[in-house]
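Me: Please take one part of this model and look at it closely. Give me a single connected answer, in short sentences.

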Amino acid sequence: MNEIKYWFAINPVAKKKSWGAVLFLGVLYLAAGILVVRWPEPTAMGIIFLLGSLLIVIGLERLLMPLAGKRKIGVWGIFMALVTFGLGGAIIWHPLTADWFLGLMIGCWIFLSGIDALAGAVAAPKGAPGRGLLFFNSIISLLCGVFVVAMPFFGMLLVAFVFGCYLIFAGLIGILGAFELRRRSAPLPAN
């Protein structure tokens with residue numbers, strides 16, 4: 001309960017008179033979470049579409065950064081940019097016909113990103129800021145890539161399911177918080 005009180009202390013939306021809006025958002029989150037957990041496949045398709053769009057942007061960013069003089073990318077960087085852009089395009093072009101294949105491609109991309117992060121961590125000088133985090137990122141990426149490649153479509157459903165569980169949790173917290181706001185905004189009884 002202390003967490004709820006802390007949330008209301010720092011949340012600018014949580015004014016005493018806005019408990020109805022907080023309740024509405026809590027119910028909305030809860031309903032969306034239940035729908036996502038009940039029907040994870042459409043959610044997974046939506047996530048796939050958004051991921052495809054994101055990968056296109058990432059691929060373009062990797063290709064355009066050297067033109068802005070921000071960094072040098074070399075052959076491996078160009079390869080990763082083209083793979084990322086191509087993967088995003090493939091996801092957008094065939095989202096419904098390649099569920100498991102998309103999971104397999106995404107798993108391979110995650111794995112390749114892990115190799116890319118590992119190469120960056122190894123190439124960074126000892127004691128460089130963020131080198132340890134880069135190593136950690138590479139290990140997590142490699143493990144996640146192997147998991148998604150081993151079970152490609154299950155990886156998409158797992159993402160959708162975890163997202164749905166988050167929405168349910170956030171909705172319940174919002175509903176509890178709304179009633180806490182209402183309690184705090186009620187006038188004190190006269191003695």
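Reply: A salt bridge needs a side-chain nitrogen of Lys or Arg within 4 Å of a carboxyl oxygen of Asp or Glu. A search of the whole structure turns up 1. The partners are D116 and R62, with 3.2 Å between their closest N and O atoms. D116 sits in helix α5 (residues 99-123) and R62 in helix α3 (residues 40-64), so the pair ties together parts 54 residues apart in sequence. Side chains of opposite charge can pair when their charged atoms come close.

The model is predicted, with pLDDT of at least 70 required for local features and 80 or more for side-chain atom pairs, while totals for chains, interfaces and linings use all residues. Numbering starts from 1 along each chain as its sequence is written, and side-chain values use heavy atoms, without hydrogens or water.

Now the setting. The chain has 7 helices (DSSP runs of H or I, at least four residues) and 0 strands (E, at least two). Its pattern along the sequence is α-α-α-α-α-α-α. The chain has 191 residues, and 31% of them are buried (under 20% relative accessible area). Take the contacts (heavy atoms within 4.5 Å) with a separation of 6 or more: 77% join residues 24 or more positions apart.

Stay with α3. Helix α3 packs on helix α4 (residues 74-93) at about 155°, and the axes are 7 Å apart. That angle makes α3 roughly antiparallel to α4 (over 145 degrees). R62, the salt-bridge residue, also belongs to this packing contact. On the α3 side, R62 is joined by I48, F49, G52, S53, L55, I56, I58, G59, L60 and L63. From α4 come M80, A81, L82, T84, F85, L87, G88, G89, I91 and I92.

Look at G89 in particular. G89 is placed in helix α4. G89 and S53 are 36 residues apart along the chain, yet their C-alpha atoms are separated by 7.8 Å. Both residues are listed in the contact of α3 with α4.

S141 lies in helix α6 (residues 131-150). S141 counts as buried, at 13% relative accessibility. Leaving out residues up to four places away in sequence, S141 touches I110, F111, S113 and G114.

Technical notes. Axes fitted to C-alpha atoms, helices over the stretch in contact; angles between N-to-C directions. Parallel < 35°, antiparallel > 145°, perpendicular 65-115°, else oblique. Buried < 20%, exposed > 50% of the residue type's maximum accessible area, 1.4 Å probe, protein only.
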